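Reader: I would like to learn how to read a model like this one, going from the whole chain to single sites. Could you take me through it step by step?

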Amino acid sequence: EAKAPSNFIRQIIDRDLAEGKNDGRVVTRFPPEPNGYLHIGHAKSICLNFGIAESYGGACHLRFDDTNPEKEEDEYIQSIQRDVEWLGFEWAGPVRFASGYFDQLHDYAVQLIEKGLAYVDTQSPEKIAEMRGNFTTPGQDSPFRDRSVEENKALFAKMRAGDFDEGEAVLRARIDMTSPNLTLRDPVLYRIRKKAHHQTGDKWVIYPMYDFTHPLSDAIEGITHSLCTLEFEEHRPLYDWLIEHLDVPAEPRQYEFARLNLNFTVTSKRRLKLLVDEGHVDGWDDPRMPTLSGLRRRGYTPASIRNFCDNLGVSRADSVIDMSLLEEAVRDDLNQNAPRAFCVLKPLKLVIENWPEDQEEWLRAPLHPQNEAMGSREMPLTREVYIDREDFREEANKKYKRLVLGDRVRLRYGYVVRAESVVRDDAGEIVEVRCSYDPDTLGKNPQNDEGQGKMRGVIHWVSARHGLPCRVRLYDRLFDVANPARVAEGESFLDHLNPDSLRVLEGCVVEPRLDGVPAETRYQFEREGYFCVDRDSGADGLVFNRTVGLRESWPR
Ligand code: ATP
Ligand code: MG
Ligand code: MG
């Protein structure tokens, strides 16, 4: 596997190691909040954090950043672990939870109070927000800013005991209400939430804020490099303030990098959840979703996602990445690694008139034409086969490299056939093409070429008797604008859902070898694209999801 290219964070680590910092340890963490499924943006953070741990012989922790009991669920905790493992990463030690540190965090809060660095504010949340000021106006001190240590300790104990209602009191750091950095204007450290927590049950009614929890959890775990996205840059002074003023076991440092944004989709759990909750998609793992579970179901491989992320690089410049880069990554992987199969998406019967009724011949075909080591497959050729409707025309100019009445094509890995006539139904639609085959053309060119009609090309086919009926889902972009997250005033990203993002083809026919293959098996359907077996496959037949076409095809 190729080593990830260097980036500014790796350079910082190299420098730290050269200076002997952290006793030569490199410990990172991936800290999702369990309030949704992971998406492709998270994959960037995962590849960065776990990738660094891998290449420096360090460790990467998986820590659920679970300080918000309202929005979090066990389903998300399970899916996040599954997705990280699926990508091929292993976290060091147990799965960790910020909620596992609630006792320690509480003690740190008391420590701050004792140092005169935190106070209980009993103003209303509205008042606190108002007095915080904004970018142009400095904040104003709370009238409760100078309570005594003893009073603050007593009030904080009352908060913890449940003697206040939600919104009646908060614990704030005592920093600087005039700081140009709003994060430092006496940030709230603890708030009251009378909600059961998925990990700690009813034990707590006060919950620490992210900005308090994160640096201290990092310190507790001995994280050396705490990597987060750019929107946390202005929180860094608070991160450092807490590490500096508390008696912590380690001194982690925060570094920020740019988020991954992809066009034609949204990478925000809040928006993705809305798509799920309002039924615009079939769930978090709908193959149109940019979630890791959606991409997986779509047919993406872990390697393709890792390569995509590694090749993006890591910088501090925000940008929007073209969806076609992600598609190219999976196409590259599947082109090399997916076995080939024949599937006819829009079947048209082809009857070989000079082929005896019950003769069947098993033809050998490579599983991968460029990689003999993958081995071969066998396909039965019978008198009746299906070809794709788009591979036959009664008349066509010479650019059409498929079957035309009076002309010839090769049935791939089989014989050369010539179209002789068509059969129509009452409505005049062609329901059958009648042809003849030349028995002397298996693996070789026709000998007698005079007056046989043009040899136009090679098409795929499936035996009508042996082929398996199947259903194929063709996916397109979920949104019809490049940046659905930034639509005009008064519009919602939901107004830009692409109504044709899913097209289902019924009655397709796939080669019999695929009988019973498990979900998530991936193929290149020759001449059609890359497809993946869906878990909806069953007694009613196989269901395939198109991962991506054979080549870039946007805009159509
Ligand atoms: P969302 O806005 O989708 O809820 P989040 O940042 O709130 O994203 P978290 O669960 O807190 O989601 O994210 C866990 C980690 O993944 C964080 O370190 C976060 O910075 C990182 N991350 C989230 N989205 C992206 C993204 N688009 N690109 C890179 N990293 C991301
Ligand atoms: Mg977050
Ligand atoms: Mg979030």
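This is a predicted model: local features need pLDDT of at least 70, side-chain atom pairs count only at pLDDT 80 or more; totals for chains, interfaces and linings use all residues.

Reader: What radius of gyration does the protein chain have, beside that of a compact globule of 556 residues?

Author: The radius is taken over C-alpha atoms, and the globule rule is 2.2 Å times the number of residues to the power 0.38. A compact globule of 556 residues would come near 24 Å, but the protein chain has 31 Å, and its C-alpha trace spans about 105 × 55 × 40 Å along the principal axes.

Reader: Which residues of helix α8 are buried?

Author: A residue is buried if 20 or more other C-beta atoms, placed from the backbone, lie within 10 Å of its own, exposed if 12 or fewer, and partly exposed in between. Helices are DSSP runs (H or I, at least four residues), as are strands (E, at least two), numbered from the N terminus. In α8, residues 236-245, the buried ones are Leu238, Tyr239 and Leu242. Seen down the helix axis, they fall within an arc of 105°, so they line one face of α8; the arc is that of the directions from the axis to the C-beta atoms. In general, an α-helix has 3.6 residues a turn, so residues three or four places apart point the same way.

Reader: Where does UniProt place the feature "binding site"?

Author: Such annotations may be inferred rather than shown by experiment, and their positions are given in the numbering used here, with feature names shortened. The unreviewed UniProt entry places this one at Asp65 and Tyr210. They span 146 residues in sequence, yet no two of their C-alpha atoms are more than 7.9 Å apart, so they gather at one spot. Asp65 lies in the loop between β2 and α3 and is buried, with 21 other C-beta atoms within 10 Å. Tyr210 belongs to helix α7 and, with 15 C-beta neighbours inside 10 Å, counts as partly exposed.

Reader: How many residues surround ligand 1?

Author: A residue is near a molecule if its C-beta atom, placed from the backbone, lies within 6 Å of it. Here 15 residues surround ligand 1, the closest being Pro32, Gly41, Ser45, Thr229 and Lys269. The largest share of the shell, 4 residues, comes from α2.

Definitions and conventions. Residues are numbered from 1 along each chain as its sequence is written. Chains are lettered from A and ligands numbered from 1 in the order in which they are written.
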